[in-house]
Amino acid sequence: MEEPEKLERIIEARMKLKARFEQQIQATPSLADDQPKGSGPPNRHGMPTIPIGQTKTVKWPVLDLGYHPNIPQERWRLTIDGAVDHPVVLTWKDFMTLPQTKDTSDFHCVTTWSKLDMHWKGVSLIDLAALVQP
């Protein structure tokens, strides 16, 4: 296949994908809706607590492959590089010295269950982003 023809097919496929995403965005509940979709009292963002299509659970479903690697803390590394101004490689000790954030949030899984009021503590993405400056 010649390059111009291949490029045209790639562009056409991407435009179809873009159109599909735009349709999905239009169907996605938001604060801009006259009446946001979902159920339950408003959350801290003003949206219904349970999004449409989700079911509230009291359990914590565990979905994994049954493989739990054993990585000693002294070998653990988090590498953040690529399109950032300041790439870093953090050891476990480096990572744990970053600011720790406490939060209570709702967790909505793509498998259609929601667990509300989850207490969480750890390094927030915004702090990692500030460190590396994407």
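**Reading the contacts in a predicted model**

Visitor: Why does E12 count as partly exposed?
Guide: This is a predicted model, and in it E12 has a relative accessibility of 45%. Buried means under 20%, and exposed means over 50%. The value for E12 falls in between, so E12 counts as partly exposed.

Visitor: Why does K16 count as exposed?
Guide: Relative accessibility is 55% for K16. The cut-off for exposed is over 50%. K16 passes it, so K16 counts as exposed.

Visitor: What makes the contact of K16 and E12 a salt bridge?
Guide: Look at the distance from N to O. It is 3.5 Å between the side chains of K16 and E12. The rule asks for a Lys or Arg nitrogen within 4 Å of a carboxyl oxygen of Asp or Glu. The pair meets it, so this is a salt bridge.

Visitor: Where do K16 and E12 lie?
Guide: Both are in helix 1, 4 residues apart. That is about one turn of the helix.

Visitor: How many salt bridges does a search of the whole structure find?
Guide: The search finds 2. One of them joins the side chains of R44 and D103, at 2.9 Å from N to O. Here too the limit is within 4 Å, so the pair qualifies.

Visitor: Why does the pair of R44 and D103 tie together separate parts?
Guide: R44 sits in the loop between strand 1 (39-42) and strand 2 (48-50), while D103 is in strand 6, so the pair connects parts that are 59 residues apart in sequence.

Visitor: What makes W60 and F107 an aromatic pair?
Guide: The count comes to 6 aromatic pairs. In this one, the rings are 5.3 Å apart, centre to centre. The limit is within 6.5 Å, so the rings of W60 and F107 pair. Their planes stand at 65°. An angle over 60 degrees counts as edge-to-face, so that is the label here. The pair also links distant parts of the chain: W60 is in the loop between strand 3 and strand 4 (77-80), and F107 is in strand 6, 47 residues away.

Visitor: Why does W60 count as partly exposed?
Guide: Its relative accessibility is 42%. Exposed would need over 50% and buried under 20%, so W60 is partly exposed. F107, with a relative accessible area of 37%, is partly exposed by the rule too.

Visitor: Why is the pair of W76 and W92 edge-to-face?
Guide: The ring centres are 5.0 Å apart and the planes stand at 90°. W76 is in the loop between strand 3 and strand 4, and W92 is in helix 2 (residues 92-96), 16 residues apart.

Visitor: Which residues do ring pairs link into a cluster?
Guide: They are W60, F107 and W113.

Visitor: What is the order of the strands in the open sheet?
Guide: The order is 3-7-6, with mixed pairing. Strand 3 (55-56) and strand 6 (101-108) each have a single partner strand, so they stand at the edges, and one side of each has no neighbour in the sheet.

Visitor: How do you know that strand 3 and strand 7 pair?
Guide: Count the bridges. There are 2 between strand 3 and strand 7 (residues 113-122), in the parallel sense. The rule needs at least two, so the strands pair. T55 is opposite W113, and K56 has S114 as its bridge partner.

Visitor: How many bridges join strand 6 to strand 7?
Guide: There are 7, and these strands run antiparallel. K102 is opposite K121 in strand 7. The hairpin of strand 6 and strand 7 has 4 residues between the strands, and there T112 takes a positive phi near 80°.

How values were computed
Residues numbered from 1 in each chain as written. Predicted model: local features only at pLDDT ≥ 70, side-chain atom pairs only at ≥ 80, totals over all residues. Heavy atoms only, no water. Buried < 20%, exposed > 50% of the residue type's maximum accessible area, 1.4 Å probe, protein only. Phe/Tyr/Trp six-rings, centres within 6.5 Å; stacked < 30°, edge-to-face > 60°.
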